[in-house]
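I open this notebook to record what I looked up in the structure shown below.

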Amino acid sequence: MAQALQTTIIISVIALSLLNLTVNGSKYKNPFLKHLGLLNKKEQLTHLHFYFHDIVSGPNPTALQVASAKTSNTSSTGFGFVVVIDDPLTEGPEPNSKAVGRAQGIYASASQSDVGLLMVLNYVFTEGKFNGSTLSILGRNAVFSAVREMPIVGGTGLFRFARGYAQAKTHTFNLTSGDAVVEYNVYVLHY
């Protein structure tokens, strides 16, 4: 009896699921997507290209170390330091190139064996079609690798439900000041 009841419940759940998929003909009608206004929108792939200016020196740094461990200064990787950033994003590598946004967030040295940073960032776009939209990055940046890849875990505005990846390549790094310019190619799927 219990087995028959369990089988009936499973068949009912499957039938209701199939009914939900075929409401109004055979077109899929997801109530969540309908509520968000995304029901008839197609996902699109966007490629973004910009330069990230990490300025740690001078009178107006855009990256500030806010914490470190007792051993961060003696560690070969700086393990344990934490930096808060509000770095400019520009069209070109020059400091006076047109600004397209800001990289705001935190990076921290999270590896004892190589220079590997945990990146927790929002790219906040301030120009063009994506003005007011953001992309969120959460991942590892092995800074001495030629090309690094970090995941995009979300976004806002035109980048709602975003997913994808960002490729970073160091354009310049000043050994004296510690300032860096990093070229980014970002590939993002969004509605």
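I count two strands as paired if DSSP finds at least two bridges between them. Helices (H or I, at least four residues) and strands (E, at least two) are DSSP runs, numbered from the N terminus. I note that this is a predicted model, in which local features need pLDDT of at least 70 and side-chain atom pairs count only at pLDDT 80 or more, while totals for chains, interfaces and linings use all residues. Residues are numbered from 1 along each chain as its sequence is written, and side-chain values use heavy atoms, with hydrogens and water left out.

Entry on the strands. I looked up β6 (residues 134–142) and found it antiparallel to β7 (residues 148–156), with four bridges joining them. L135 has G155 of β7 as its bridge partner.

I then followed β7 to β8 (residues 163–173), which is antiparallel to β7 and joined to it by five bridges. Here A166 in β8 stands opposite M150. Six residues lie between β7 and β8 in their hairpin, and G157 in that turn has a positive phi of about 65°.

Entry on D87. I located D87 in strand β3 (residues 82–90). Is D87 buried or exposed? D87 is buried (under 20% relative accessible area, with a 1.4 Å probe and protein chains only). D87 has no salt bridge (a side-chain nitrogen of Lys or Arg within 4 Å of a carboxyl oxygen of Asp or Glu). The nearest side chain of opposite charge, R102, is 6.3 Å away.

Terms used
Buried means under 20% relative accessible area, exposed over 50%, partly exposed in between (1.4 Å probe, protein chains only). Lys and Arg count as positive and Asp and Glu as negative; His and the chain ends are not counted.
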